[in-house]
Amino acid sequence: MSDWKRIPEEFLVPVEPGKGGTIRAFAYRDRGADRRALVYLPRAYEEDPGLRCPTVYLMHGGGGDEEEFFGGIEGKTPLKTLLDRMIDGGRIRPLIVVTPTFCRPADEANGTDPERVRVHAGDAAALTAVFWRELGESLIPAVDGAFRTVADRSARAFGGFSMGAEATWSVLCRGGRFVKYYLPMSGDFWAVSVKGGKDHTAETCDALIDGIRENGLSPDDYRVYAATGTEDIAYEAMRPMVEELLRRAPWFRDAEGGGNLTWRVSPGWHAYDWCWDYIFWGLPEFFPGE
Ligand code: FER
């Protein structure tokens with residue numbers, strides 16, 4: 001039995017045309033390469049030219065691309081409606097949401113074959129491991145330059161699904177100076193090995209904490225909301241990893257006792273359908289409505 005609460009239905013009813021936020025394509029450059037992301041701008045951003053917003057970055061899973069979270073600029077997945085309704089209902093502040101991709105053409109991805117990346121999570125991990133560099137060096141500066149963001153790490157979140165969760169742990173480990181809030185959904189950290197959260201639990205947690213320490217962060221400087229489901233293929237790897245993190249005070253302590261790490265388990269499986277729930281419950285922990 002699970003006491004997991006699904007998203008109340010009213011948050012999944014599209015707002016009237018013209019009343020919600022907008023999704024657009026966003027082009028930027030990274031080390032000479034053309035890069036693309038989708039960007040959601042909340043309604044309030046368009047209406048109030050003085051408004052600056054926090055930014056949430058969401059990374060897709062293996063086999064996906066920058067279109068996947070929103071279902072393209074038409075917003076075919078529930079995510080746009082969910083954000084519109086959460087902002088309207090005062091659950092979260094008006095936010096800018098950016099969905100980039102870790103995929104790169106073969107000639108600029110250190111020999112990584114895009115076709116193998118699409119099919120093999122282990123190959124994708126070569127790209128999720130390094131995305132933090134592009135984030136800090138190119139994507140964040142481009143987004144902060146193009147939109148009225150709150151250009152500060154305390155107004156940035158990074159989350160992702162599956163291999164996007166791997167990217168999320170990697171940003172915390174290696175790029176924690178750029179981002180304060182983390183939403184890893186259904187994925188463990190592969191710094192030591194594929195499924196290292198299961199097969200090398202202690203070493204994986206050591207690697208994460210070593211990176212955090214090397215970046216000069218203290219436990220108040222980051223906040224993690226980690227979630228997956230009991231029927232999810234990531235559960236067997238994410239659960240031992242996060243449970244071990246919860247034993248690593250002062251670096252991680254249960255948010256229920258005032259700490260920096262929330263661990264939530266749904267009855268769900270490895271699918272975006274469950275990410276909507278994790279986003280619904282996670283984002284208000286970071287950027288509550290006023
Ligand atoms: C995990 C389980 C599965 C995980 C990633 C996957 C990063 C990805 C699977 C795939 O893309 O096929 O714990 O963590």
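Close-up 1: At 6% relative accessibility, T101 counts as buried (under 20% relative accessible area; exposed is over 50% and partly exposed is in between, with a 1.4 Å probe and protein chains only). This is a predicted model, where local features need pLDDT of at least 70 and side-chain atom pairs count only at pLDDT 80 or more, while totals for chains, interfaces and linings use all residues. Residues are numbered from 1 along each chain as its sequence is written, and side-chain values use heavy atoms, with hydrogens and water left out. You'll find T101 in the loop between β4 (96-99) and α3; helices (H or I, at least four residues) and strands (E, at least two) are DSSP runs, numbered from the N terminus. Leaving aside neighbours within four places in sequence, T101 is in contact (heavy atoms within 4.5 Å) with R35, R36, M59, H60, G64, D65, E66 and F131. G64 sits 37 residues away along the chain, yet the two C-alpha atoms are separated by 8.0 Å.

**Close-up 2: what the T101 side chain reaches.** The side chain of T101 makes a polar contact with the side chain of H60 at 2.7 Å. A polar contact is a pair of N or O atoms within 3.5 Å; within protein, one must be able to donate a hydrogen and the other to accept it, and residues adjacent in sequence count only if both atoms are side-chain atoms. That T101 side chain also reaches the backbone nitrogen of C103, at 3.0 Å.

**Close-up 3: T77, another loop threonine.** T77 lies in the loop between β3 (55-59) and α2 (79-88). With a relative accessible area of 19%, T77 is buried. Not counting residues up to four places away in sequence, T77 touches E68, F69, F70, G71 and W276.

Close-up 4: Which residues are around the ligand? They are G62, A121, S162, M163, E166, G187, D188, W190, K195, I233, A234 and A237, each with a heavy atom within 4 Å of it. A polar side-chain atom of D188 lies 2.7 Å from an oxygen atom of the ligand. Taken alone, the ligand exposes 370 Å², and the protein buries 84% of that (areas by the Shrake-Rupley method with a 1.4 Å probe).

**Close-up 5: helix α4 under cover.** In helix α4 (residues 121-128), the buried residues are D123, A124, A125, L127 and T128. Their cover includes α3 (114-119), α5 (131-146) and α6 (163-175).
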